[in-house]
Amino acid sequence: MTSLEKVEKVLNHIKSCSPGQDEFYQAVHEVLYSLLPLLKEDSRYFDYNILHRIVMPERTIIFRVTWLDDNGKIQTNLGYRVQFSSTLGPFKGGLRFHPSVNLGIIKFLGFEQIFKNSLTGLGIGGGKGGSNFDPKGKSENEIMKFCQAFMSELYRHIGKHTDIPAGDIGVGSKEIGYLFGEYKKINNEFDGILTGKGVNWGGSKGRKEATGYGSVYFAENWLNANEDSIKDKICAVSGSGNVATYTIEKLYDMGAKPVTCSDSKGTIYHKAGIDLATLKAVKEINKQSLEAYAVLHPDSKYIPTSAYPKDGHAVWHIPCDVAFPSATQNELTLVDAKALVKNGCKLINEGANMPTTPEALEFIQQNDILFSPGKAANAGGVATSQLEMSQNASMEQWSFEEVDIKLRQIMRNIFNIAYDTAKEFDHAGDLITGANIAGFRKVADSMIEQGAV
Ligand code: NDP
């Protein structure tokens with residue numbers, strides 16, 4: 001059987017044993033195919049059945065979460081924690097609260113997290129969790145009640161040497177605070193069992209900014225390798241949450257001009273440059289739709305989703321030099337990729353997890369445009385989470401500058417390893433192959449050394 005046939009067998013196997021998990025197949029498909037140059041060279045990965053093992057989580061926990069809403073009615077949601085791989089360290093990955101959450105989404109995120117965490121060079125395994133709870137339209141009290149109910153089950157499965165969750169979509173510092181408080185109450189222990197904590201009680205300075213800042217540092221490395229720089233670039237950013245906001249902040253800091261942001265209802269195009277203070281006030285503080293931004297800035301244009309191009313997203317049809325998809329999975333389609341290439345975009349730098357569809361990826365790879373895969377470009381968040389764990393373990397708190405210097409270095413290392421590995425396997429400039437092989441090889445070799453478990 002050829003390596004390709006063996007890979008296809010693994011893919012068929014996961015489809016038959018985990019039906020209806022499309023996003024998970026998509027993530028596994030992308031990783032396994034890009035590993036072929038390595039798999040053809042080294043038969044140990046088949047001899048030890050590594051592929052069959054690595055696509056299967058070590059443990060999957062699904063639980064009921066019941067909580068009382070403000071009307072005194074009992075509400076029920078599903079909670080998940082997928083502990084994918086503890087080969088390199090304790091399970092580590094965020095929690096997502098969004099109505100679209102299901103097992104397939106959490107598995108895709110957990111699977112990607114294994115290789116992302118490996119690329120950081122730090123001792124962290126991969127996991128992910130969350131719930132189909134929708135924080136939108138809920139009162140503060142309801143969000144707190146839900147977080148406490150969620151932790152009343154999750155606490156059994158996590159621990160500072162076992163599994164250390166963090167935030168993701170719908171889980172920011174407020175939710176981490178409620179989750180942490182409940183864990184502490186149940187266990188009677190002040191332990192670093194979550195990251196993204198408040199800086200007054202064990203959090204790391206710079207964690208909030210880390211994914212967005214890291215994404216821009218990664219883009220700068222990629223542009224520098226092509227004798228270019230982010231300075232003076234017109235940038236299109238999607239999303240308006242944690243990753244997008246701090247991407248925009250760092251872009252300004254490095255002399256670029258971000259002209260867009262978006263949310264689930266529409267897109268803002270502000271040719272003069274996104275006003276960061278207004279964006280933070282509208283989304284971070286007032287939790288409004290971006291329509292409110294356009295009211296405050298009549299020179300900007302608001303494009304509601306109803307006016308998006310067919311099968312596409314308005315944000316990618318606005319001319320830019322660099323695109324930063326930073327909202328959610330599959331938000332950059334083939335139609336969008338064609339528009340970016342047509343408008344002369346030089347680099348697509350994934351801040352979100354798997355924002356580019358497989359059809360768009362294929363098109364991008366056939367065209368003259370740089371591409372940074374999310375598992376490398378957005379790894380700054382989890383890397384800084386590990387820095388938070390280090391500070392907790394040594395009972396220290398580092399300055400913002402100290403954390404930022406380490407983040408820059410980590411992002412440079414991730415870029416270098418992805419870039420060099422792509423070259424090693426005759427795929428120079430293909431960071432998808434480089435990042436996947438580098439991330440996988442370290443985990444797979446360690447699995448073999450540990451008896452493949
Ligand atoms: P937030 O919840 O802070 O923000 C998410 C943003 O994406 C919001 O603007 C939201 O719009 C928008 N969005 C969410 N779902 C959709 C959708 N279906 N269609 C259109 N827009 C949508 O999340 P983060 O910024 O933390 O995460 C963004 C991405 O980055 C995710 O893919 C996440 O997995 C990834 N990531 C995050 C890390 C982190 O440290 N936070 C680390 C690494 C990756 P609205 O306001 O309308 O809901």
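Domain bounds here come from an automatic or database domain assignment. On that basis the protein divides into domain 1, residues 59-189, and domain 2, residues 208-372. Keep in mind that this is a predicted model.

I'll start with how the two domains sit against each other. Taken over C-alpha atoms, the centres of domain 1 and domain 2 are 27 Å apart. In the contact between them, nine residues of domain 1 meet six residues of domain 2. The area buried between the two domains is about 600 Å², and carbon and sulfur atoms give 44% of it.

Now the ligand. Which domains supply its shell? Domain 1 and domain 2 each contribute at least three residues. There are 25 residues around the ligand, and the ones that come nearest are Lys136, Asp168, Thr211, Ser264 and Asn353. As for secondary structure, helix α9, residues 207-224, supplies at least two residues of the shell, and so does α10, residues 242-253.

What is the make-up of that shell by class? The count is 14 polar, seven charged and four nonpolar residues.

For serine 264, an N or O atom of the side chain lies 2.5 Å from a ligand oxygen. For arginine 207, a polar side-chain atom is 3.2 Å from a ligand oxygen.

How much of the ligand does the protein bury? Taken alone, the ligand exposes 900 Å², and the protein buries 81% of that.

Notes. Residues are numbered from 1 along each chain as its sequence is written. This is a predicted model: local features need pLDDT of at least 70, side-chain atom pairs count only at pLDDT 80 or more; totals for chains, interfaces and linings use all residues. Side-chain values use heavy atoms; hydrogens and water are left out. A residue is near a molecule or strand if one of its heavy atoms lies within 4 Å of it. A polar contact is a pair of N or O atoms within 3.5 Å; within protein, one must be able to donate a hydrogen and the other to accept it, and residues adjacent in sequence count only if both atoms are side-chain atoms. Accessible areas come from the Shrake-Rupley method with a 1.4 Å probe; for residues, only the protein chains shown count as cover. Helices (H or I, at least four residues) and strands (E, at least two) are DSSP runs, numbered from the N terminus. Ala, Val, Leu, Ile, Met, Phe, Trp, Tyr, Cys and Pro count as nonpolar, Asp, Glu, Lys and Arg as charged, and the others, Gly among them, as polar. Contact means heavy atoms within 4.5 Å. Buried area is the accessible area (1.4 Å probe) that two parts lose on being put together, summed over both.
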